[in-house]
Amino acid sequence: MTFLERPFRALANVFGGVALVSLAFLMVAITLDATVRSLIDRPITGIFELSEIALVLIVFLGLGWTQMEHAHIRVDALVKLAPPPVARAMNAFSWAAAALALALLTWPSTLDAIHSFQIKEFRWGYIEFPIWWAKIALAVGLWFATAQMLLYSGLALLGRDQPSTPDPHTD
């Protein structure tokens, strides 16, 4: 593991932990809401709004952790057929393209997060709930994923497709 990979893994673990806590909250909240709704025919106030926020945290803070665990879907049939130098170039290009695609999402998300923070944006529903912090989390998750893809692009150019790639035959 290179000196650059260690902080990426540490940050991915922190973000992944937050995503897991959000997932646990979502599971418990929806279960409680469904139970209460079936018993008294009324939802728990605010669960819908909190569920939306939890989904943002699960997806966008979980991006980096998913990448560190090599869990994103990837089709590499052509890469496996290519000679090693060409395969390295193909991998570097694919990670750079992924970084570009994420950057195209990251920039407007960052501008929206800044605006949302400036106006202290709230979501109106059954309860008034602040969402500016979730927009910041979304932008941070996208920035992290973009930086990760750039790191992997550089590692691919150096002949390292991904750090500690798991062996698919050990499952």
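## Charges and ground rules

The chain carries 11 positive and 13 negative side chains, with the centres of the two sets 6 Å apart. Lys and Arg count as positive, Asp and Glu as negative, while His and the chain ends are not counted; each charge is placed at NZ of Lys, CZ of Arg, CG of Asp or CD of Glu.

This is a predicted model, where local features need pLDDT of at least 70, side-chain atom pairs count only at pLDDT 80 or more, and totals for chains, interfaces and linings use all residues. Residues are numbered from 1 along each chain as its sequence is written, and side-chain values use heavy atoms, leaving out hydrogens and water.

## Overall build

Five helices and two strands make up the secondary structure, running α-α-α-α-β-β-α along the sequence. Helices (H or I, at least four residues) and strands (E, at least two) are DSSP runs numbered from the N terminus.

The C-alpha trace spans about 65 × 40 × 30 Å along its principal axes. Buried residues (under 20% relative accessible area, 1.4 Å probe, protein chains only) account for 33% of the 171 in the chain.

## Helix 4

Helix 4 covers residues 84–119 and reaches 52 Å from first C-alpha to last, close to the 52 Å expected at 1.5 Å a residue (that is, 1.5 Å times one less than its number of residues). Just after it, Lys120 takes a positive phi of about 50°.

Its buried residues include Ala87, Asn91, Trp95, Leu102 and Thr106. The buried set packs against helix 2 (47–68), helix 3 (77–81) and helix 5 (132–157), with contact meaning heavy atoms within 4.5 Å.

Note on methods: Buried means under 20% relative accessible area, exposed over 50%, partly exposed in between (1.4 Å probe, protein chains only).
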